[in-house]
Amino acid sequence: MVDRWLRREDERLLTGAGRFVADLRVPGCLDAVFVRSEVAHGVLREADCSAARETPGVAGAWSAADLPGLPPMPDTRQGEATREWPSLVKNRVRYPGEALAVVLGDDRYRAEDGAGRVLVRIDPLPAVVTAEEAAGDEVRLFDGLSNVALHGEAGQPIDDEVWERAAVVVESDYRQQLLMPSPMECRTILCVPEGDRLTVWSGHQAPHRLRSDLARLLGRPEKSIRVVVPDTGGAFGSKSAVFPEFIVVAWLAERLGRPVRWIEDRRESLLVATRGRGQDQHVRLAADADGRLVAYELTVEADVGAYPHLGVAFPMQTAWMATGPYTTPQVHATVRSVLTNTMMTYPYRGAGRPEATSPLERTMDVLARRLDLDPAELRRRNLIPPEQFPYRTPTGRVYDSGDHLAALDLALRTLDYDGWRAEQARRRADPGALPVGVGLSCYVERSGGERGSLHDYVGVEAGEDGGVVARCGASSSGQSHATVFPALVAETLGVDPARVRLVEGDTDELPGGVGSFGSRSAQIDGAGLQHAATLLIEEARERAARMWDLPVEETAWSDGAVHPVRGTAAMGLSELVKRTGPLRIDERYEADMAFPFGTHAAVVEVDPDLGTVRVLRLVAVDDCGRALDPAVVRGQAFGSVVQGLGQALYEGVPFGDDGVPVLGNGLLDYLLPTYAEIPPIELGETRTPTPRTPLGAKGAGESGCIGTPPAIVNAVADALRLDHPDRLQMPLTPDVVWRAAA
Amino acid sequence: MKITLTVNDEAYPLDVEPRRVLADALRDDCGLTGTHLGCEQGVCGACTVLVDGEAVRSCLLLAVQCDGVPIRTVEGLAGADGEPHPLQRAFSAERGLQCGFCTPGFLMLAAGALERDPALGEEEVAALVGSNLCRCTGYEPIRRAIMRAARDHRNGQEA
C-alpha cells in the first residue's frame, strides 16, 4: 500500500496522530494565561496579583513589578534602545491586549481563574491607530520621541519637470488595510527545563533564530537550549519571531525549574498576534501619449505598530519592489514608518510585495481609462521583455529572469478575456443587466530573502543501512517539506525516495539553520539539498576511485551507485559506507534572491444597488521557475489566491474611537473566506527557471496574496466605470462598493 | 462530577468539573489530541466530533452533557482493522490538507454526513465544506475529497 498517502505528512495528520505543541504532554506542566490591557493606550497604575495567587490551582502570578529581571523584547535596530518594549507592561500600555501580568496554573482553567482576579487600574490616554493620525505627534507613544521611527527611500527623486511634461499623470491614494495572518493554529510555546538544558517546543518558522534570541535574552549559551518545531498549524509569516509572551514563559520556566507552556487562543490572537500590511499610500504615475510609462512615485505611510523593534524597516520591501514588472525609467519610493497604538505590523504572506503591487496595478487601470487604452494593451507596452534580464530596476533590485508577456497572454487566454469584454459590452447595452468588470494585475515578487539571509544549512548523509538522511534549516508549517525534499534528494542521487528521510526543525539535530519565510525554502534549501547530494556523489566517486585505484574520471554514478566507467561492478551507497566509513556532507549553501512573477485576472459582477460583489472567475498564472512538486505548488497557489480574495473583499481590522479593534466576536467579526465565498479559480503556470541556482526554483506560495487583490478591485472599478479609484478601498464590503457606486 | 465518556467504543470514566468543555476532556483527560481547538467559539470547526452521530463543535459542549453518549473522534475514523476510512484516503489523494490542523474537524463533519446519507450530492457537500474554516487549501481540494469519498463509499457498498 505504498500509494495510500500522497504525502508523508498525511497519515499522521489524517488519523489524529499529528503532534502539535498543544498536543504534547509533559508531567507537571503549568499553563500560562496573560492578563491583557483592555485599553489601547494608557498609564498602568496598578496590576495587583495578590488575589490571583490565592486562587486554587494557581502556581504563581506576576506583574512586571514582581519580575525585575525579566528581559525586554530584543531590538533588531543597531544602537537604538531608547524605546523599550517590556515583555510585561511596566508603566505604559501602548497597544490593546498588551500583557500586564501572567498567571501560571495547573491547567488553563485554574490559570484563567487566577487571571480573573488580578486587579488592574489603567488611566487611559488618547490612542492613535493610523499612521496619518500618529505622524502628527499630537499623541506620542514615547515621551520626548517622535512617533515617526524611520524614513527610507528607494530610487532617485523625480524632477517636477518630468510630471509637467508627461502627457498623462494619474494620482491616487490607497489604503492597504491591516490583516490578521490567522493560521488555524495560533502561537504556541512549551519550555521544559531539565538540568542545565532548556527544551523549547514551538510552532515556529525559524527555530535557530528563536534559540539564539532566547539564549541572548536568558543569558545562557545557545548550546544549552534546544528548540524543536513539531507539527505546525500554518504560519504565513506570523510565527517567525520571538514574542513578549515567549520571553515570559521561557524566563518563568527557567526560574521555577518547571515546564511552562503558552497556547495562544483565538481571542488573544486577534488582539495581539502580529498583523500584516497597514500602509497608507499616495502614488503618481506618468505616461506619454502612447501609454509608455515615464515615471512612478510611491509614498508610503506605514503603520508599524506600537514598538519599532522588529517591523520598522520592513516597509522598505515595498519601496524596493515599487518598480513592479514594468520598464518605467524613473521610480522613486519613500517610506515613513510610524508608531501607532496597535500590535506590531510584521510580515504576512506576500509581505511588502502585495503593498507594492496593489497601488501600481490599480493605477495602471486608471491610466488605461485615461488613455482610452485596453488595460491589457497598456501592460503589454510596458512589461519588461525577456531579453532585458537580468534587469536592474530604478529601486535597486536586479530581477533574475522573466517572461512577463507570456504570463499575461496565458492569463488572458485562460480567462477568455475577449469573451468577457464582449459580455461586458452586451450588459452595458442592457439596462436591466448587472454590470460585469474585468480586472488584471501583473506582479513581480522577491523570494529567497534579503542579503544576510540568503543562505541555509543543508546536509545529506548516507547510512550503512542504505538509508539517506537529508537535513536542512527550513521549518515546515504545512508546506510538505518531508515529502518534497526527500524526493528531490532521491532524484539527484538516483535512489528510491522511500530511502530518504528529512530532518528539520530541531536545533539539536542540525548544525545550523535560518528557517522558512519569504518563500525561501524551495529556492535556497531545495537548491542547497540538490547541491549537497551532488557533493555526496563526488565524494563517493573519489572514495571508489581510491578503492579501485582508478582516476576519478574513470568512475561514474548512476541509480544510486558508483561504478567504473568501463565495467559493470557497481557499488551502492550502503556498501560504500561499510567499506569506507561515514559519508556525510554538511554545507552552508548561499544563493541570490529570485523574482517570481505572473498575471492574475478577475471577472466580477456587481450589484450597484446592494453593493455586493460576485466574483465570477479568477485566473492566476504564476511563474516560480522549476516547481519541485507541481501539485504541492498548485495547492499553495490556490490557498494563497483565497487569502488574496480575503484581503480584497472581506478581511480588515476596524477600530473603535478608543483605538481598540472591533473584533469582540472573534472570527464572526474577522471574516476569513469560507467555501461559500470561493469562486471558480483556474491556475496556470509558465516556467522560467532562475539562473541563480542549478535547481532553478524560485519561491512559490505567496503569489495569490500579491496578484489577486488588485485584480479583483480593478474588476469592481471596471464594472462601476470609476474614474476615481480611491473611493474603493479594501476590503470591498457592500457598504464600500455601494458608496463608490452612488 | 463523575461521568463516563464513550469515545470510539472505549469507556473513559472521568471526574470532571461541570464547566469542563468536551474538547478539553477529549484532549486532556482521554488523551485524544487529534481533536484540535482553533477558535473556542464554535466558528472554525476544527474541534468537530460526532456525538451520537451528530457533528458538533466540541468546544461548545460540556463534557458532562455527553455522559454515556457515544462519541467519535478522528482517532476512531479508521476501520477496526486499521484500514483507512474512505475520507482519509480521499483527503490525501485530493490534497485536501496542508498543515493538517483543521483536518480532523472536516473529516468528522464529513463522516457524520456520509453516514447519515451516503448519496451526498454537490449541494450538500458545498454546505458542509462551508461550515468549517481552513486557511491553507482554499477549500476546493476539501470539497473534491468529500465528493470522492462519497463516491468511493457508494462503490464500496455496491461491491
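1. Helix 18 of chain A is mostly covered: 18 of its 18 residues are buried. A residue is buried if 20 or more other C-beta atoms lie within 10 Å of its own, exposed if 12 or fewer, and partly exposed in between, with C-beta atoms placed from the backbone. Helices (H or I, at least four residues) and strands (E, at least two) are DSSP runs, numbered from the N terminus. The helix covers residues 703-720. Its 18 residues should span 26 Å at 1.5 Å a residue, and its end C-alpha atoms are 26 Å apart, so the two values agree. The expected span is 1.5 Å times one less than the number of residues. After helix 18 of chain A comes A:Arg721, whose phi is positive, near 50°.

2. A word on the model and its labels. This is a predicted model: local features need pLDDT of at least 70, side-chain atom pairs count only at pLDDT 80 or more, and totals for chains, interfaces and linings use all residues. Residues are numbered from 1 along each chain as its sequence is written, while chains are lettered from A and ligands numbered from 1 in the order in which they are written.

3. Now the two chains together. Their contact takes 39 residues from chain A and 43 residues from chain B. Two residues are in contact if their C-beta atoms, placed from the backbone, lie within 7 Å. On the side of chain A that touches chain B, helix 1 (10-14) and helix 17 (630-649) of chain A each supply at least two residues. Helix 17 of chain A gives the most, with six residues. By class, this side of chain A has 17 nonpolar, 13 polar and nine charged residues. Ala, Val, Leu, Ile, Met, Phe, Trp, Tyr, Cys and Pro count as nonpolar, Asp, Glu, Lys and Arg as charged, and the others, Gly among them, as polar.

4. Which order do the elements of chain B follow from the N terminus on? They run β-β-α-β-β-β-α-α-α-α. That gives five helices and five strands. The radius of gyration of chain B is 15 Å, close to the 15 Å that the globule rule gives for 159 residues, so chain B is as compact as a globular protein of that length. This radius is taken over C-alpha atoms, and the rule is 2.2 Å times the number of residues to the power 0.38. Of the 159 residues of chain B, 58% count as buried.

5. Chain B is divided into domain 1 (2-75) and domain 2 (86-158). Domain bounds come from an automatic or database domain assignment. The centres of the two domains, taken over C-alpha atoms, are separated by 21 Å. Their contact takes 18 residues from domain 1 of chain B and 13 residues from domain 2 of chain B. On the domain 1 side, strand 3 (48-51) and strand 4 (54-57) of chain B each give two or more residues. Strand 3 of chain B has the largest share, three residues.

6. Last, A:Glu554. Is A:Glu554 buried or partly exposed? A:Glu554 is partly exposed, because 15 other C-beta atoms lie within 10 Å. A:Glu554 lies in the loop between helix 15 (521-548) and strand 22 (555-558) of chain A. Leaving aside neighbours within four places in sequence, A:Glu554 is in contact with A:Ala545, A:Pro564 and A:Val565.
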